[in-house]
Amino acid sequence: MSIDHNNQEFFEIFPWNENFSTGIDSIDDQHKQLVRILNRLAANLANLSAPIILNEIFDELAEYADYHFKSEELIWVDNFKNDEWVTQHSLTHGSFIDKVIEIKNNKDNKSLDDVIYDIITFLSNWLAYHILDTDKRMALAVIALKSGNTLEEAKAISAEGMSGSMETVIRTVLTMYSGISARTLDLMREKSRRKQAEAALHISEERWKFILDAEKENVWDLNLENKTKSLTENDSSIIDIVQNKIQGNDKSAQIHPDDIDLFKKDFLLHLQGKTKFFTNKHRELKSNGSWSWVLSRGKVVSRNESGQPLRMVGTHSDITERELASIIFNHSSQAMMVTDENNNIISINKAFTKITGYKEDEILGKPPSILSSGIHDKQFYKMMWEEINRCGSWSSEVYNKRKNGQMFCEFLSINTVKNQEDGIDYFVALFSDITQQKKADETIQRQASFDSLTNLPNKVTFQNRLEEQILWSKRSKLPFAVLFVDLDHFKDVNDSLGHESGDQLLIQASNRLKDCVRESDIVARFGGDEFTILLPDIKDTEIIERVAKNIILRLIEPFDVGINRVYVSASIGITLYPNDADTSLGLLRNADQAMYKAKQTGRSRFNYFTPAMQERAQERQRLVTDLHNAIELKQFELYYQPIFDMKTKKLIKAEALIRWNHPIKGLVSPDEFIPLSEKSGLINKIGDWVFKEATTQTKKWQNKYQMDLQISINKSPIQFKSESKVKHWLEFIKEIGLSSESIIIEITENVLMDNENDILDRLLKFREAGFMLALDDFGTGYSSLSYLRKFPIDYMKIDRSFVSNLSNDAQDMVLCEAMIGLAQKLGIKVIAEGIETPLQSKLISDMDCDYGQGYLFSKPIPASEFDALLKDQCKPT
């Protein structure tokens, strides 16, 4: 037994003697190395070394044993060829490896010390037998072979050499090694445990004195003399940092770069005895890459005669939550206020002062009621406190008053903080000023339900009210009527006097319509120059005719539009529930057909729906038949309306618009044949033609003018339901070499009103494929803010009905500003449609609108004319 350089007691569990010599030098040298490693493993186990050291030595032993087996087997194979001795010996090696693996795999049921103990015990016995019997027997045969004997003679010589007194020697040695080595190892381990326990007891006396003052903090103990450490948890970062500083090893990556210098300064000052305690707050890098705030405190508890520090103990606490709470409180954009159990304000943050105008010295110690606006009554606050007391929290919109007396709307949340005895310590209030947001939401919400020009309910609102009326009439058994009103000759006024005059006419007409109905009746602008009227609870059809006649008489009266006096009339279609139809769609369709019948029979009259009106439906069917052949007969043509950058005034995009050159009817309006194509299922085929034609032409222009031209392609709600389009379209543009980012898919709000989850999935597929998405005619339908937030929209197109009425003091100015501001905050680009005058262009540009489109720049034009525009702007290569 001896003492090694690490102050460990060393002994040989497997002493080497000459009886183990085989007579083959290379094998003997390898046996000696195996024995040395085995003895080192046993010594470290006896001295209770750390698991990492035991594992390292064991891995070394396993690697060397593998090397030895392979070297030994080469000798046996070379001398015994294919003899069964070689096979048996190889199996012996294999069984050894299997046994060691079996023992080590038992680590789940035993400690690592016990597993290593079992391995050493097994190895001692196996190695002694392996060397004395198996290897020595084969070595004697090898020596005999090299002396000129045959294999059989060599085996006989080996057997003779291993018999008699040699058998006695083997048994004696094996018995001695088996007993002595195990007992010695047990005694050494027990001695080491006792020494460690004595040392640990001595060290812990001073450590735990410090722990008593550390409460629940994590404790570290650093021996500055031998650079060892101990701590109460696995987080050794503080110890490592401190140790690196002592050793002059500048590995401070765990501490935030901005905190390292102060940490060094505080630590060294204490080591030098210039401070009573070491205290430092710093940010520390976690294993997951995030930073946490740590408060580290410590004290040198032992110095030598010259004053050099020997031991230092300390604590470190993760104060991340506390620091983050402080940062959030002081830098949050939300106002925060803390009151005591008596509801007196004890703390506010900067955002509170910014929103309310009150500073700390003006508000601390006062109740929150100092902010009361007087708008909410006592019952409101009574219900608020009842919920706070019952649930511990409350939130709602509240109107309060700033220091300067100005009212503001806030979204307020109040939470209760309780102590261990379930008593109230604090109330914490958080609020945001949502005054401007409320105004914008109200503006957008009104636009979602009302027509911006006439302030009448819009199409969606009317349809909703119609559905409600159907449900009511089913219960009341009272019929109602739907009137579809279309202004005759309105287009002539619009074309001759301009859209502004047309808009004035629509406003005056809507006011006259409201004058012709009862308060319970509903007048709505359905779109363009079309109005719908709901007459509920009709007990006598005389009421319907009286209203219709009154409308006709009022609308034939002259309209003063600016300096002009104009004349229009009205064609009215009337349908009855439940006689004509019992669904909203059926009623609107019938009223529409009846209105067209009134136009066909001379205008300025009303007409009830009759079955004869199906003739018009038959005409539309003939048009559908012609639509089937339009693509093959090349009757379709694409027009392109330019879209300009409002800042640079450069043409960078275009909207592709389909036109149908019918051989008999001439130019058929898309408003007529697109709805028919949707109903007949032809929209997908037509849409594919539009897509391929537009993208092919775009690629040609890109190549010709070397510009990143984007093309907008309208996709109808029916077409959007086809799931295969993304894949097919991607394959096509890949074939022609066009990037998907060059394509903007335009959809209307009607698309988004279907199953939201399905629509979102399909929109995401377009986005993942690289296509851009635009929301067309924003503001004319159900313009829900949730659509802009939920769906992946890139562009929002403001409908021309807003742009055409723009002036410096127009209400549409406010609406446009609200929509543009909202879109930009959501990261959505805005395209203004219907720009027709320089004033409109300037106002839109002043609002920071991104893009503009309209007759001021260009009407929709054929490809050849669009090419000429590009040629003027770009030089072809």
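Me: Let's begin with salt bridges. Which residue forms a salt bridge with D433?

Reply: Keep in mind that this is a predicted model. The general idea is to look for a side-chain nitrogen of Lys or Arg within 4 Å of a carboxyl oxygen of Asp or Glu. Here, D433 pairs with R402, and their closest N and O atoms are 3.0 Å apart. The two sit in distant parts of the chain, 31 residues apart: D433 belongs to strand β12, while R402 is in the loop between β10 and β11.

Me: And is R402 buried or exposed?

Reply: For that, check the relative accessible area: under 20% counts as buried, over 50% as exposed, and anything in between as partly exposed. R402 has 14%, so it is buried. D433 has 32%, so it is partly exposed.

Me: What about the pair K418 and D422, how far apart are their closest N and O atoms?

Reply: That salt bridge has its closest N and O atoms 3.8 Å apart. K418 is partly exposed at 45%, and D422 is exposed at 55%.

Me: Which residue forms a salt bridge with E746?

Reply: K797 does, with the closest N and O atoms 2.8 Å apart. This pair links strand β26, where K797 lies, to strand β24, which holds E746, across 51 residues of chain. K797 is buried, with a relative accessible area of 0%, and E746 is buried too, at 1%.

Me: How many salt bridges does the rule give?

Reply: The count comes to 26. Some residues are linked in a network: D486, D488, K599 and R603.

Me: Back to β24, then. Which strands pair with it?

Reply: When you read a sheet, look at the bridges and the direction of the strands. β23 runs parallel to β24, joined by four bridges, and there I713 stands opposite I745. β25 also pairs with β24 in the parallel sense, over five bridges, with E746 opposite A774. As for cover, five of the six residues in β24 are buried.

Notes
Residues are numbered from 1 along each chain as its sequence is written. This is a predicted model: local features need pLDDT of at least 70, side-chain atom pairs count only at pLDDT 80 or more; totals for chains, interfaces and linings use all residues. Side-chain values use heavy atoms; hydrogens and water are left out. Buried means under 20% relative accessible area, exposed over 50%, partly exposed in between (1.4 Å probe, protein chains only). Two strands pair if DSSP finds at least two bridges between them.
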